[in-house]
Amino acid sequence: MGMVNNIGGLMMVVSMAVCLTSVANAAQGTATFYTPPYVPSSCYGYQNNGVMIAAASDAIWGHRAACGRRYSVRCIGATNKGPPPCHGTSVVVKIVDYCPTRCHGTIDLSQAAFSAIANTDAGKIKIEYIQV
């Protein structure tokens, strides 16, 4: 029984270390959102990639290298005055498009992806994001 408890405790410590490493490696930026139609896109033309998608700004675009990458995105706060926008959840999105120089965020989320993590009335939010 003691050996089982030690293994259980070790598993919990390892799990916590993995979670903390993921958070420590997350980058911070901002997110905005765009509305349908989501095609055509810079990466996939007229191919439908669903609604959990995003456009990459120059910060992560890398001359199309971002196409197809998946990012876990979490709202961490407001960029303007108003009620707290975050829902306390995260969403995984696939990069399918490019958000040009006039882009107002690090990642331009689809409306569905943005609304999964924050109130769309905010328009722009602070985020943590990490490639998954």
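Buried means under 20% relative accessible area, exposed means over 50%, and partly exposed lies in between (1.4 Å probe, protein chains only). Keep that handy for this tour.

This is a predicted model, where local features need pLDDT of at least 70, side-chain atom pairs count only at pLDDT 80 or more, and totals for chains, interfaces and linings use all residues. Residues are numbered from 1 along each chain as its sequence is written, and side-chain values use heavy atoms, leaving out hydrogens and water.

**Stop 1: the salt bridge**

Select Glu128 and Arg74. Their side chains meet in a salt bridge, 2.7 Å from N to O. The term requires a side-chain nitrogen of Lys or Arg within 4 Å of a carboxyl oxygen of Asp or Glu. The structure holds one such bridge. Glu128 sits in strand 6 and Arg74 in strand 3, so the pair ties together parts 54 residues apart in sequence. Helices (H or I, at least four residues) and strands (E, at least two) are DSSP runs, numbered from the N terminus.

Is Glu128 buried or exposed? Glu128 is buried, at 15% relative accessible area. Arg74 is partly exposed, at 37%.

**Stop 2: strand 1 and its partners**

Now select residues 27-34, which form strand 1. Strand 1 pairs with strand 6 in the antiparallel sense, over five bridges. Two strands pair if DSSP finds at least two bridges between them. Find Gly29: opposite it, in strand 6, stands Ile127. Strand 1 also runs parallel to strand 5, joined by four bridges. Here Thr32 has Asp108 of strand 5 as its bridge partner.

**Stop 3: the largest nonpolar core**

A nonpolar core is a set of buried Ala, Val, Leu, Ile, Met, Phe, Trp, Tyr and Cys residues joined through side-chain atoms within 4.5 Å. The largest one has 23 residues. Val73, Val93, Ile95, Ile107, Leu109, Ile117 and Ile125 touch the most other members. Elements that each supply at least two residues include strand 3 (70-78), strand 4 (90-98) and helix 3 (111-117). Another core, of seven residues, lies apart from it; Tyr34, Tyr38, Ala55 and Cys103 are among them.

Which residues does Ile107 contact, leaving aside neighbours within four places in sequence? Among them are Thr30, Ala54, Ile60, Val73 and Tyr129. Contact means heavy atoms within 4.5 Å.

**Stop 4: Cys103**

Finish at Cys103, in the loop between strand 4 and strand 5. Cys103 counts as buried, at 16% relative accessibility. Beyond its neighbours within four places in sequence, Cys103 contacts Ser57 and Asp108.
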